[in-house]
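Here is a short note on charged side chains and where they pair. Please keep the structure open while reading.

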Amino acid sequence: PRPAPPRRFAAMRSSTSLPVRALFERLDHAALAEPDPFPEDVARWAAFLPEHVRNCHVRSVVGRFHRGATAGSDEECPQAVAQVAGRVWSLSQQAEGCREVQRAIDGAASDEERVAIAREMWSHVLDAARCPHANHVVQKVIATLPNEELSFVVDEVLEGSNHMQVACHKYGCRIVQRLIERRSSGQAEVRRLVDVLLEGALALSLHTYGNYVVQRLLEHAEPAQRLQLVETIRHNLADMCRSPHGCTVLLAAIRCEQGLGQGLLARDIVREEGLAEVIKKT
């Protein structure tokens, strides 16, 4: 997530015109881009700012760049891990703090250190799924931890009836997508999550954020599960085609599902009178 602007710039941004505020946003974007930007790139965008706000803003962004560049060095990595110990959850809820935790995870010397950091997120996964900052930490945990250590994430996502709420949440859907991507590495717990998601595939397909989860299922689920998903789409073609999100899923299914499923979908669309026109209009 993009960090909050420094306090001394808050008044400047609120009082300046829309084009200048857009330049502030573009400058921040350049400072957070990957690979890490050079200060010259920051200065290039800042050159468009009014002179009276240019210099102090450039100093702030370049300083943040230098701090980010040095935080990942070999000498700083052990210190970064030690600095987040005992504060992982509180830091994860902050814009800069969540980056500090992610750097600590990346810089950990062993899986044991990464697991120790991740354990501080136990019982916080659902809250993190609703947080614009902490969701990035959970995504990093999913991407870096050994398979056997991810069961707590799946368990909390599946807790009660919250799994559909998480999958349909603006930030939570990202966590579910990262879990589905780990499905390809043989994670048994994620198979359980996929089975549950397939039961609500239609509702997810028509949802603003849930449709991204279905698209990820089409890419990473087992062949039998993908075919089950295609059958759900086929049996609800009319509803899918009337929704822009459903159309996106439908096109993703045609693109991803090679073979029998792809042919059946294409045939059904052609046979259903007026369906192709509905898709075009949607």
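Which residue forms a salt bridge with Glu 100, and how far apart are the closest N and O atoms?

1. The partner is Arg 87, and the closest N and O atoms of the pair are 3.8 Å apart. The model is a predicted one. The distance counts because a salt bridge is taken here as a side-chain nitrogen of Lys or Arg within 4 Å of a carboxyl oxygen of Asp or Glu.

2. Glu 100 is partly exposed at 21% relative accessibility. Arg 87 is also partly exposed, at 37%.

3. Asp 127 and Arg 130 form another salt bridge, with 2.9 Å between the closest N and O atoms. Asp 127 is partly exposed, with 37% relative accessibility, and Arg 130 is partly exposed with 47%.

4. Arg 192 pairs with Asp 155 in a salt bridge of 2.9 Å, N to O. Arg 192 belongs to helix α14 (residues 188-199) and Asp 155 to helix α11 (residues 151-157), so this pair ties together parts that are 37 residues apart in sequence. Arg 192 has a relative accessible area of 39% and is partly exposed; Asp 155 is partly exposed at 40%.

5. For the overall tally, the count comes to ten salt bridges.

Methods:
Residues are numbered from 1 along each chain as its sequence is written. This is a predicted model: local features need pLDDT of at least 70, side-chain atom pairs count only at pLDDT 80 or more; totals for chains, interfaces and linings use all residues. Side-chain values use heavy atoms; hydrogens and water are left out. Buried means under 20% relative accessible area, exposed over 50%, partly exposed in between (1.4 Å probe, protein chains only). Helices (H or I, at least four residues) and strands (E, at least two) are DSSP runs, numbered from the N terminus.
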